[in-house]
Amino acid sequence: MANTLKKKSKISTDPSTKLMADKTPEVTVNEVVRDERTSKFIGVLSLMICVFLFVSFTSYIFSWQEDQDKVQQFGAKIFSTTDIKVANMFGVLGAYVGYAFIYNGFGIASYLLCTFFFVFGVNLLFGKKVFRLARNLKYVLVGLLVLSVTFAYVTQSFSGFSFGGSIGNIIYQWFAKWLGNFGTGCILFATFFCYIIWRFNPKFSFAKLKKGISNSMKEDDKEEILDEKQTEKSTSTSEKEKKEDGAKLIIATGNTLKNTTESKSEDDWIVPPSTEPDEQLELVDLDEEPIEEEDIEDDEPFAIPIETNSPKANPVNLAAKNANDLVLDIQPTLPEEDPNEVPSSIIVNPEPTQAEVEALGDYEPTLDLRDYQYPTVEMLEAHGSDKTIHDPQELEDNKNQIITTLKNYDISIQRISATVGPTVTLYEIVPAPGVRISKIKNLEDDIALSLAALGIRIIAPIPGKGTIGIEVPNVNKSIVSMKSLIGSEKFQNNKFSLPIALGKKINNENFIVDLATMPHLLMAGATGQGKSVGVNAILVSLLYKKHPSQLKFVLVDPKKVELSLYRVIEKHFLAKLPGEEEAIITDTKKVIATLNALCIEMDNRYDLLKEAGCRNIKEYNEKFVHRKLNPLKGHQFLPFIVLVIDEFADLIMTAGKEVEMPIARLAQLARAVGIHLIIATQRPSVNIITGTIKANFPARIAFKVSSKIDSRTILDAGGAEQLIGKGDMLVSYNGEITRLQCAFVDTPEVDSVCEYIGDQRGYPDAFLLPEYIDEKELESKDNNDLTDRDSLFEDAAKLIVANQMGSTSLIQRRLKLGYNRAGRLMDQLEMAGVVGPNLGSKAREVLMKTEAELQVLLDNLP
Ligand SMILES: Nc1ncnc2c1ncn2[C@@H]1O[C@H](COP(=O)(O)OP(=O)(O)OP(=O)(O)O)[C@@H](O)[C@H]1O
């Protein structure tokens with residue numbers, strides 16, 4: 001809310017209370033409850049309860065004959081009666097609790113309660129979801145009932161100890177009355193059998209059963225066994241291949257994808273059903289640790305490799321970045337005995353029926369990392385008071401000073417009001433009729449001098465208001481904490497694709513915008529004025545709102561230290577070039593390759609969009625989520641990619657046009673395919689921020705700069721030279737220039753957010769960008785020389801044969817290559833005899849019909 005001078009009396013009557021409130025912040029109950037330490041205390045308490053129950057129960061089992069009578073006799077009075085000795089290790093309380101739960105409750109099944117307190121305690125103590133509480137609770141509740149009845153049933157003929165507890169006995173007796181003993185036994189057996197099916201989903205094979213009974217090897221059985229051997233063989237061969245490729249493993253769940261080598265159904269390509277996570281969860285648990293191949297049994301969902309750094313990897317595998325296209329990797333080796341038979345798995349499956357697709361429900365990309373937890377606001381700091389401190393005296397003095405100064409220049413005013421912001425106060429003046437605005441504008445410097453304050457900016461007139469604004473820095477500036485912005489309603493509840501919290505306006509309104517609509521951002525400012533903090537604020541806002549499956553960062557940090565904090569989230573949020581060790585790019589040469597790789601990614605994405613008939617990434621992803629796009633045709637869920645360059649000047653100085661050109665291409669075209677750029681520089685001169693760059697970055701941020709010229713270079717307007725530093729900035733967005741105080745996020749805060757994310761299970765590797773090879777290098781090579789084959793020759797050949805489609809764009813898309821390299825590969829494939837000659841607009845004929853045929857050809861190549 002704007003604070004106007006008209007409300008002066010209200011302000012001046014109560015200055016002390018405001019200052020007091022800032023100095024001694026109150027601790028509310030809410031804050032105590034949310035304090036990390038509170039949950040740790042509760043965690044310890046819960047673990048203690050677990051130990052107490054366990055020891056009391058165990059002790060009760062051995063001492064019940066001694067203690068039971070006493071507890072029964074005295075009841076709750078046992079606690080107040082003196083001279084009672086019990087044998088339980090936890091004394092009277094232990095004996096009472098043991099009696100209450102084991103004798104009066106659920107018998108031996110009461111031990112399940114210990115697991116609940118254990119799970120609850122460990123989760124709170126470690127501050128994260130080590131175990132699933134809801135799942136445990138479900139098991140405990142069902143287990144208490146079923147096990148207590150079972151114990152009562154099994155031990156009915158025993159006298160003495162109550163194994164099923166009173167509750168188990170009562171329920172058992174009801175059952176026995178209605179169904180008889182035999183009936184109850186059947187019910188219990190059926191319950192356990194159902195549980196086994198629900199939990200393990202065992203495979204019942206009628207053929208095997210028959211084989212077991214007859215014990216004779218009939219013709220059908222022979223075939224079955226042969227089939228099994230074949231399957232085992234091809235599985236083990238492909239497993240061996242996986243090991244050789246050094247590929248990492250992930251489990252894909254879902255019944256449709258269960259049996260790799262056997263699957264022949266039409267919907268093989270369909271992404272695993274994602275809307276029924278619970279059922280799938282029971283099939284296989286994705287643990288934090290990567291799962292070893294040996295651990296995977298036949299009956300479990302198959303394990304398939306995704307992402308590999310080896311360019312020799314399975315061709316389709318290179319394109320697989322997400323569980324959605326993993327299934328493409330399934331290409332069992334053809335059995336040697338029958339080289340002419342085309343394996344069912346390489347026949348491109350026809351489109352599934354509408355009903356089959358509908359049965360699967362929507363695809364949910366976040367299920368790639370289903371346990372992922374977003375960082376919490378508590379990881380950020382408040383940095384002292386977030387309240388704007390207004391000193392009424394200061395406001396009054398400044399107001400009088402402005403009025404007097406203007407009077408000295410013969411400018412009379414009608415009205416003056418003030419809006420107090422975090423760093424500056426805006427005085428809005430309505431000049432008296434007849435005063436020309438240009439006169440005030442011309443006197444800008446004189447007025448600033450008379451007010452004797454640094455950082456005065458005069459806005460004449462304030463756009464759309466018809467008033468004149470004078471911004472005067474506050475004596476006491478307040479920090480705008482990232483915490484207040486992230487915790488704000490506007491940030492939490494917006495529907496933006498890429499929400500970024502930049503800071504606060506003068507009227508204390510939070511400035512939260514969608515990077516996707518900006519669509520790129522240029523940040524400039526002299527050294528030490530808050531650029532790096534600004535970049536961190538943007539990255540942190542995105543980390544708070546996006547899931548790793550929805551967003552990837554390409555980080556370029558020539559200064560080597562600014563973005564290194566984000567290294568730990570490599571396997572969640574970072575993208576890198578194939579074969580690179582480090583995801584954060586510090587070397588100029590690699591920047592050029594990365595920018596070009598991004599251009600290839602952009603072109604490939606455009607091809608996908610064109611094929612899908614979509615205009616932008618949003619429409620495309622929506623279609624993919626509704627399973628209207630076939631992953632076998634290269635479609636996949638596309639995450640947003642945000643490229644951040646922390647020091648652009650350095651790059652332009654060392655690589656010039658080589659960097660400028662791909663940046664300009666990306667800036668011009670990449671927005672529709674979800675690639676956005678954030679470029680920061682401390683040298684805002686015209687040779688760094690060139691016309692081409694500027695034309696493509698409509699949204700720009702200026703921190704304090706040293707001259708008006710620099711300000712003009714960034715914003716096409718002056719003003720940034722008048723800023724006061726420390727995050728004071730001007731944002732030019734949507735044709736308006738807004739003064740903001742940038743949100744402050746300190747290095748330890750970024751660190752804790754990144755560590756929190758980095759500690760969670762991530763993808764096996766960073767998101768891989770397409771491989772880029774300098775086209776000049778390619779041109780210098782002889783296309784007709786088969787001894788100098790492209791490193792992806794084999795992969796391309798296998799891909800073409802598997803799909804039986806001689807198309808350059810298929811190679812381009814699946815292997816993520818530029819057009820020239822894909823074309824060169826196709827020429828080499830033609831020379832080798834894998835495909836026929838160019839047929840103009842039609843795809844080339846594929847001369848090799850099977851992978852085995854191709855293998856023979858490959859083995860005989862020079
Ligand atoms: N939004 C902010 N609120 C409060 N203080 C800030 C803010 N931004 C920056 N500062 C202060 O200014 C200092 C310098 O900021 P920062 O490191 O972001 O500058 P820079 O422009 O990136 O400098 P360089 O170009 O040398 O890396 C910070 O250490 C911090 O003390």
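The model is predicted: local features need pLDDT of at least 70, side-chain atom pairs count only at pLDDT 80 or more, and totals for chains, interfaces and linings use all residues. Residues are numbered from 1 along each chain as its sequence is written. Helices (H or I, at least four residues) and strands (E, at least two) are DSSP runs numbered from the N terminus.

I then listed the buried residues of helix 26 (residues 708-715): Asp710, Ser711, Thr713, Ile714 and Leu715. Buried means that 20 or more other C-beta atoms, placed from the backbone, lie within 10 Å of the residue's own. These residues lie on the same side of helix 26 because they cover an arc of only 165° around the axis, taken from the directions from the helix axis to the C-beta atoms. Asp716 follows helix 26 and has a positive phi, near 65°.

Next I turned to the ligand. Of the 14 residues around the ligand, I noted Gly530, Lys531, Ser532, Gly727 and Phe744 as those that come nearest; the criterion is a C-beta atom, placed from the backbone, within 6 Å. Helix 19 (residues 531-545) gives the most to this shell, with three residues.

Last, I checked the UniProt record (unreviewed entry), which places "transmembrane region" at spans including 41-63 and 178-198; such annotations may be inferred rather than shown by experiment. Residues 41-63 are 100% helix, with end C-alpha atoms 32 Å apart. Residues 178-198 are also 100% helix, and their end C-alpha atoms are 27 Å apart.

Conventions. Buried ≥ 20, exposed ≤ 12 C-beta atoms within 10 Å, placed from the backbone.
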